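Here's a quick briefing to read with the structure beside you. Take a look at it, then work through the points by topic.

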Amino acid sequence: MLINQYNPQLRSELEAIQGNILKGHGRKYTAHVFLKGKKGQRNSTAFWISELVNKEESVVKSGYQQLKANHLFKTQKIDGGLFGGFYISFEGYIFLEGKDKAQRLFSGNTSFINGMKRAALNDPEPSKWDEVYQENCHFMLLLADDSKSTLVNQVEKIKRETSSFLQTLHIEYGNAIFNKNKAAIEHFGYADGISQPLFFEDEFEKYLNDHRIRNLKDLKFDPRAEGKLVLVKDKFVDEPHSKGSFFVYRKLEQNVKGFKKAEAELAEKLHLIGVDEERVGAMIVGRFEDGTPVEVSGHEGMMGAERFNDFDYTFNGESKCPFHAHIRKTNPRNTEKEAADRRMARRGIPFGEYKPDIPIDEMPIGGVGLLFMSFQASLEDQFEHIQKNWANNSDFPQGKAYDKPGLDLIIGQGKSLAKGAYATEWGNPTSMKSADFNHFVSMRGGEYFFAPSMMYLKTINI
Ligand code: HEM
C-alpha cells in the first residue's frame, strides 16, 4: 500500500523513521562527515547524538519533518534548509552498545557485521582504497543543503563541537550536476536517478501523469513499493513504529576521458556513425544521455526521457538493450521474477567539478565520480545480490545470449577488459557483434551503515 503523507493517522510512523529513506532529500550539496568515537568517550558521544534530534532546530530530520518541509516548499516556496541523516556502522554500535549487545541484535545480518572491507564483492583490497577509508569508521553524518557555504559552516561547527570526544576521519563533499535541460546527471553525462521505487501516493500519481497512463493495466513497469523494501525493525527500541534501514556508501571514481575515448573507439569499430554513434554509450548504460531507454528507442531525444521509466524487457533478446547494459544488469525488470524485491532506494550524488562541453582530451581521468548510496531492508538480498550476482557475474542473465552476457561495464568488478555484445542495427539480432570495453569506474572506499530510528537517536543518552 502506498503512503499518503497527508493522512494524519500516518504521522507517527513517518515521525519514527529518518528522512531520506523513503524519499530523497533533494538538496544540491552534501557533506559526508565520517566520525570515530574516542576511547572512553561513549557518553559524550551519545549525548551529542541525542542533541542532533532533540534540539528545537534538529539537524537530523524525521521522514515527517522532511515531507512537511517539502510541502511548504511546494506551496509557499519556503526553503527546506539544512537536512541531516545519521548512520552507524557495526563498529559504531559496538562503541555505543558494547560488542555482545550489538552482535545479538544484529545476528543474522552477517554482511553488516563484517563491514564492506570484508564483503566478497571482488572490490580492490582495502589497502588500495583511499587512506581515509581504510580506518574503521563509526558514524556517517550526512548534511545536505542548497547553499554550499551553509554546509561548510555547519561542518566546521560540528568539527569544533565534537573534537574532544570524536575524531573526524574524513569529510567528503558531494554536489549534484545537471545537463542543459536541467536533468540531474552523473559524470559520464547520463541522466541519473530516474528509476526509483515509489513509496508515496502523490509520487505515483505524478508518475501516471508523466507517462500518460490512464489505466493501471497499461503499466509496463510497476514502480510502486512498500516500506518493507527498505525498512526493518530497529531492534534497539521497543516501539513498533521504530524502524531503520541498512545503508550502503561507496565512493566510485570515474575516468571520464577514458570512458569517452573508449566509447568513440567502439563506435568506430562497430561502424556506428552520425546519429547512431550515441547508441554505443546507450548500449553500455541502457539509456541515452538524455534518459531515453535504448530498449524503447534506437535514438535519443524522446520527449520526457529524463523521467521515463515505463518499459520492460519483453522484446525477445538483446539487440535493443544488451544484457550487459548497466540498468538491465541492476534491474532486469520482468525477466527475473524477484527483481522487484531486490530494488534499492538509490540516494547517490556526484562528487568533483563538472565542466560541460569540453573536448575529450581535457576531461578528467579522476577526482570526479559518484558517492553511491542506497537504503535497503537487506544488504545481502538487495545491494550485494545486485553487485555480486548480477553486475559482477558475466553469465547473468541466463538465457539465449549472442555471447556470454558479460560484466556490467559501469560497475562490474572483475577483469579490467570485459567483452560485451552489441547490435550494430538497433533491434536486429543478426547484426550482433562482440567487442571489448575497459572499466572506467574504480572503487575508492566505502562502508555499510544502519540508519536507526528517531527514537533510538533521541533516547541513546538515557
Ligand atoms: C559510478 C558509478 C555509477 C554510475 C555512473 C551509474 C549510472 C547510472 C545511470 C546513468 C542510471 C540510469 C538512470 C536511472 O535509471 O536512474 C543508473 C541506474 C541504476 N543504477 Fe547505477 N550507476 C553507478 C553505480 C551503481 C551501483 C554501485 C549500483 C548498485 C550496485 C547501481 C545500481 C543502479 C540501479 C538499480 C539503477 C536503476 C535500474 C533500473 O531500475 O532501470 N548503480 N545508474
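What follows goes through the iron site, the charged pairs, a surface patch and some backbone details.

Keep in mind that this is a predicted model, where local features need pLDDT of at least 70, side-chain atom pairs count only at pLDDT 80 or more, and totals for chains, interfaces and linings use all residues. Residues are numbered from 1 along each chain as its sequence is written, and side-chain values use heavy atoms, with hydrogens and water left out.

**The iron site**
- The iron atom of the ligand has a single protein donor, NE2 of His 326, at 2.1 Å.
- Donors here are N, O and S atoms within 2.8 Å of the metal (3.2 Å for Na, K and Ca), and since water is not among the atoms, sites may look incomplete.
- His 326 itself sits in helix α11 (residues 326-330); helices (H or I, at least four residues) and strands (E, at least two) are DSSP runs, numbered from the N terminus.

**Salt bridges**
- Side chains of opposite charge can pair when their charged atoms come close.
- To count as a salt bridge, a side-chain nitrogen of Lys or Arg must be within 4 Å of a carboxyl oxygen of Asp or Glu.
- The whole structure has 22 salt bridges.
- One of them pairs Lys 74 with Asp 202, with 4.0 Å between the closest N and O atoms.
- Lys 74 belongs to helix α3 (residues 63-76) and Asp 202 to helix α8 (residues 201-210), so this pair ties together parts 128 residues apart in sequence.
- Lys 260 pairs with Glu 289, and their closest N and O atoms are 3.1 Å apart.
- That pair links distant parts of the chain, 29 residues apart: Lys 260 is in helix α9, while Glu 289 is in the loop between α10 (278-285) and α11.
- Is Lys 260 buried or exposed? Lys 260 is buried, because its relative accessible area is 12% and buried means under 20% (exposed is over 50%, partly exposed in between; 1.4 Å probe, protein chains only).
- Glu 289, at 25%, counts as partly exposed.
- Lys 419 and Asp 403 form another salt bridge, with closest N and O atoms 3.6 Å apart.
- Lys 419 is in strand β12 (residues 417-423) and Asp 403 in the loop between α12 (379-391) and β12, so the pair joins parts 16 residues apart in sequence.
- Salt bridges with shared partners also join Asp 130, Glu 172, Lys 251 and Arg 444 into one network.

**A negative patch**
- On the surface, Glu 265, Glu 268, Glu 277, Glu 278 and Glu 300 gather in a patch of negative charge.
- Patches are made of residues with over 30% relative accessible area and no salt bridge, with like charges joined within 9 Å and nonpolar side chains (Val, Leu, Ile, Met, Phe, Trp, Tyr) within 5 Å.
- Glu 265 is part of helix α9 (residues 256-269), and at 53% relative accessibility it counts as exposed.

**Backbone details**
- Phe 396 and Pro 397 are joined by a cis peptide bond, with omega about -5°; Pro 397 is in the loop between α12 and β12.
- Asn 122 isn't a glycine, yet its phi is positive, about 70°.
- You'll find Asn 122 in the loop between α6 (110-114) and β3 (139-145), exposed at 53%.
- Asp 357, also not a glycine, has a positive phi near 50°.
- Asp 357 is in the loop between β10 (349-351) and β11 (369-376), and its 76% relative accessibility makes it exposed.

Terms used: Accessible areas come from the Shrake-Rupley method with a 1.4 Å probe; for residues, only the protein chains shown count as cover. Lys and Arg count as positive and Asp and Glu as negative; His and the chain ends are not counted. The place of a charge is taken as NZ of Lys, CZ of Arg, CG of Asp or CD of Glu.
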